[in-house]
Amino acid sequence: MGIPHHFLGYWGYGAQQELEALLTSVVKNLAPKRENSKPFPIWNVVYIEIDGNSRSQQNQDLHAEHLKSRSPLAPLKKGGTLKAPFLRGLGDLFCVSSKNQIAATSASGLFSSPDAWVSLQENNCLILGREPFGRVPLYWTVQGQIIWFASQLQLLLPILQQSEVSIPGLYGYSCFSYVPTPLTPIKEVFAVTAGTELVWQSDCQSGILQTPESKKIHTWREAPEQLTDEATAITELQTLLKNSIERQIADLKDEPVGVFLSGGLDSSVVAALLVQAGVKVRAYTLDFGDAGIPEYRYAEQVAEFLKIPLIKVAVTPSSIKNALIPTVQALDLPFGDGVCVPLYLLSQRASQETQVIFNGEGGDQLFAGWTNKPLIAAGVYQAENPAGQETFIQQYLRTFHRLGGYESQVYQPEVYAQIQNLHPEDWLLAALDRNECPSLLHRLRRASLMLKGAQNIHPRATALGFAHRLWVRSPFCDLPLAEWTFRLSGELCLQGACEKYILKRAVENWLPPEIVWRQKRGMGVPLTSWCLNDFWHQLGIWLNPERLRAHNHFYPHIAAQIVEGNLGAAIQGRRIGETLWLLIMWQLWRSHVLNEKQSKQSWDHPFWLHRWLWRNYKIIRNS
């Protein structure tokens with residue numbers, strides 16, 4: 001089965017000696033510091049050079065322990081013919097699925113359908129592509145007449161002469177808690193959009209790279225004929241779910257696999273399907289103790305019903321603090337959701353006993369989960385009141401509950417001036433395209449798949465898994481299953497107040513009724529409690545005013561504004577912790593991924609005081 005890996009390479013016109021020297025330098029610095037003694041994953045280095053009609057291609061194992069003894073950059077001349085290469089990992093061979101692919105990687109380890117790939121066509125045409133669920137990212141940058149590409153952003157940073165923060169990327173992150181593709185948080189580095197191929201045509205005579213053509217290879221589209229018969233839908237859905245599991249366990253022998261079991265419907269369905277298929281399953285769940293909303297008892301109920309062992313992973317302020325920086329480094333991109341560090345801890349624990357982890361990610365996107373109900377109400381209201389104060393797309397933007405709408409209070413003047421012509425609604429337009437999905441519910445599902453799924457949930461799940469050498473398998477990320485859901489009538493997805501109705505009907509005999517029919521509440525990560533109590537002093541370090549002032553992006557005292565409730569009326573209660581966490585993850589990303597030098601800290605903030613002292617001071621000040 002091998003070990004999860006990334007790839008790095010280049011293609012274009014340049015001096016071979018200089019390119020090899022740069023690539024050698026990058027490779028020698030690829031050994032990240034790890035908490036444990038496991039050797040770090042293989043980095044597959046591929047580079048293609050165009051020289052008239054001849055091409056050189058290399059795909060070489062690179063391991064930290066062997067770099068000194070190997071000379072990985074001797075070009076392999078193929079006499080103008082590019083043969084199908086192999087991707088190698090610690091003795092295991094991974095053959096790419098197409099003779100034209102020179103590099104590919106897969107979140108699941110099933111390379112028959114890779115998630116991100118690099119192809120070279122016979123007409124000297126370079127293609128970078130990603131599947132539509134967005135499980136593995138793919139990045140590229142142009143340096144001179146060379147295109148560098150990699151499956152991890154950090155691999156491209158040494159290629160750049162200077163790593164500069166992208167202001168549009170920063171703005172997108174502050175609106176959504178992830179950076180919207182094709183942007184990245186780094187200026188001049190871009191991401192291939194999920195479900196898209198970028199195509200570069202070579203021009204050997206001029207030696208100049210052309211602008212790439214973007215080709216959509218898959219789109220989520222509402223079927224012209226909708227399925228309305230409930231009995232038929234139940235039967236078809238049960239078959240599709242079982243087929244999805246069968247495809248994802250085809251390579252497993254007798255080894256146990258893990259499943260992240262929250263006790264919610266989606267992860268419980270995955271666990272039930274694995275047990276039905278005869279797979280040895282160990283379940284892992286998070287335990288936030290008394291601080292969060294207790295969900296693990298539902299996981300316990302499912303595990304007992306399915307007769308599988310359940311391992312509870314305690315999530316405490318101490319464990320979160322210890323895992324925070326490793327999580328930021330593992331994620332590669334900044335992700336502002338509070339669930340990321342707990343999921344890092346869950347992956348860390350699971351990796352001690354298995355190499356394959358299953359999750360229930362994607363179920364909400366496929367079956368119109370709980371977040372769609374307010375949007376449907378908003379859509380109906382907008383249709384009846386077209387002259388209302390907000391458009392539907394603006395209402396959709398507000399569902400992210402981030403810093404969109406607070407720009408003048410959040411950014412320092414220089415950044416605020418640069419974002420005046422940026423409109424976050426533009427990053428939502430393609431996903432909410434009425435032409436692809438005329439009905440509201442399918443349009444919302446399409447948007448959820450393209451935005452919250454492909455740009456947030458799935459890539460971060462893969463990154464956290466890869467950091468712990470886990471193959472990550474998501475049975476709801478199954479193309480036949482996903483395309484079938486666009487045939488469902490709205491009533492089968494959302495019936496009255498009951499969301500995911502048809503999924504519940506299809507699996508109601510596989511799980512306890514309390515699990516199937518209970519209302520979803522979401523994972524209760526107690527961010528506000530942690531920030532205002534356990535991490536109070538740390539806020540003064542993570543969001544130190546002097547460091548924020550030096551970065552010249554956010555206002556220096558934004559953390560104090562948030563905890564005092566002065567940033568905005570909507571940022572209260574749980575939103576306080578979510579907003580602080582968004583900023584914390586960005587700042588730590590800059591320090592520990594971008595490796596920016598830290599300025600000295602200042603003490604002009606309330607977080608060096610004990611919180612009860614600060615409360616009393618605030619009362620006296622306001623009296």
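Student: Is Arg 487 buried, partly exposed or exposed?
Tutor: In this predicted model, Arg 487 counts as partly exposed, at 30% relative accessibility.

Student: Which residue forms a salt bridge with Arg 487?
Tutor: The partner of Arg 487 is Glu 236, and the closest N and O atoms of the pair are 3.4 Å apart. Glu 236 also counts as partly exposed, with a relative accessibility of 26%.

Student: Where do Glu 236 and Arg 487 lie?
Tutor: Glu 236 belongs to helix H4, whereas Arg 487 is in the loop between helix H15 (479-485) and helix H16 (490-493).

Student: Which salt bridges share partners and form a network?
Tutor: Asp 115, Glu 131 and Arg 135 are joined into one network in that way.

Student: And how many salt bridges are there by this rule?
Tutor: The count comes to 24. One of them joins Glu 164 to Lys 187, with the closest N and O atoms 3.8 Å apart. Glu 164 sits in the loop between helix H2 (153-156) and helix H3 (167-176), and Lys 187 in the loop between H3 and strand S12 (190-191), so this pair ties together parts 23 residues apart in sequence.

Student: What is the relative accessibility of Glu 164, and what is that of Lys 187?
Tutor: The value for Glu 164 is 38%, which makes this residue partly exposed. Lys 187, at 43%, is partly exposed as well.

Student: Which residue does Glu 436 meet in a salt bridge?
Tutor: Its side chain meets that of Arg 221, at 2.8 Å from N to O. The pair links distant parts of the chain, 215 residues apart. Glu 436 is in the loop between helix H13 (413-418) and helix H14 (440-467), and Arg 221 is in the loop between strand S14 (213-216) and helix H4 (230-248).

Student: Is Glu 436 buried or exposed?
Tutor: Glu 436 is buried, because its relative accessible area is 17% and the cut-off for buried is under 20%. Arg 221, by contrast, counts as partly exposed at 48% relative accessibility.

Student: Changing topic to the sheets: in what order do the 5 strands of the open sheet run?
Tutor: The order is S17-S16-S15-S18-S19, and the pairing is parallel. Strand S17 (310-314) and strand S19 (471-473) stand at the edges. Each has a single partner strand, so one side of each is left without a neighbour in the sheet. On average, neighbouring strands are turned by 30° against each other, direction ignored.

Student: How many bridges pair S15 with S16?
Tutor: Strand S15 (residues 257-260) and strand S16 (residues 281-287) pair in the parallel sense over 4 bridges. Within this pairing, Val 259 stands opposite Ala 283 in S16.

Student: Which strands does H8 lie across?
Tutor: H8 lies across S15, S16, S17 and strand S18 (356-358), and runs at about 145° to S16.

Student: How many residues of H8 are buried?
Tutor: In helix H8 (residues 340-350), 9 of the 11 residues are buried, so the helix is largely enclosed by the rest of the structure. Among the buried residues are Cys 340, Pro 342, Tyr 344 and Ala 350.

Student: What about S1: which strand does it pair with?
Tutor: S1 pairs with strand S11 (residues 146-150) in the antiparallel sense, over 5 bridges. Leu 8 stands opposite Ala 150 in S11.

Student: Which way do the residues of S1 point?
Tutor: His 6, Leu 8, Tyr 10 and Gly 12 point one way, and Phe 7, Gly 9 and Trp 11 the other way. Strand S1 (residues 6-12) is mostly covered, with 7 of its 7 residues buried.

Student: Back to helices: at what angle do H3 and H23 cross?
Tutor: The axes of H3 and helix H23 (residues 574-592) cross at roughly 150° and come within 10 Å. The two helices are therefore roughly antiparallel to each other, and their crossing is right-handed.

Student: Which residues make the contact?
Tutor: Leu 170, Tyr 173 and Ser 174 of H3 make the contact with Leu 582, Met 585 and Trp 586 of H23.

Definitions and conventions: Residues numbered from 1 in each chain as written. Predicted model: local features only at pLDDT ≥ 70, side-chain atom pairs only at ≥ 80, totals over all residues. Heavy atoms only, no water. Buried < 20%, exposed > 50% of the residue type's maximum accessible area, 1.4 Å probe, protein only. Pairing = 2+ DSSP bridges. Salt bridge = Lys/Arg side-chain N within 4 Å of Asp/Glu carboxyl O. Axes fitted to C-alpha atoms, helices over the stretch in contact; angles between N-to-C directions. Parallel < 35°, antiparallel > 145°, perpendicular 65-115°, else oblique. Left-handed = near helix turned anticlockwise from the far one by under 90°. Contact = heavy atoms within 4.5 Å.
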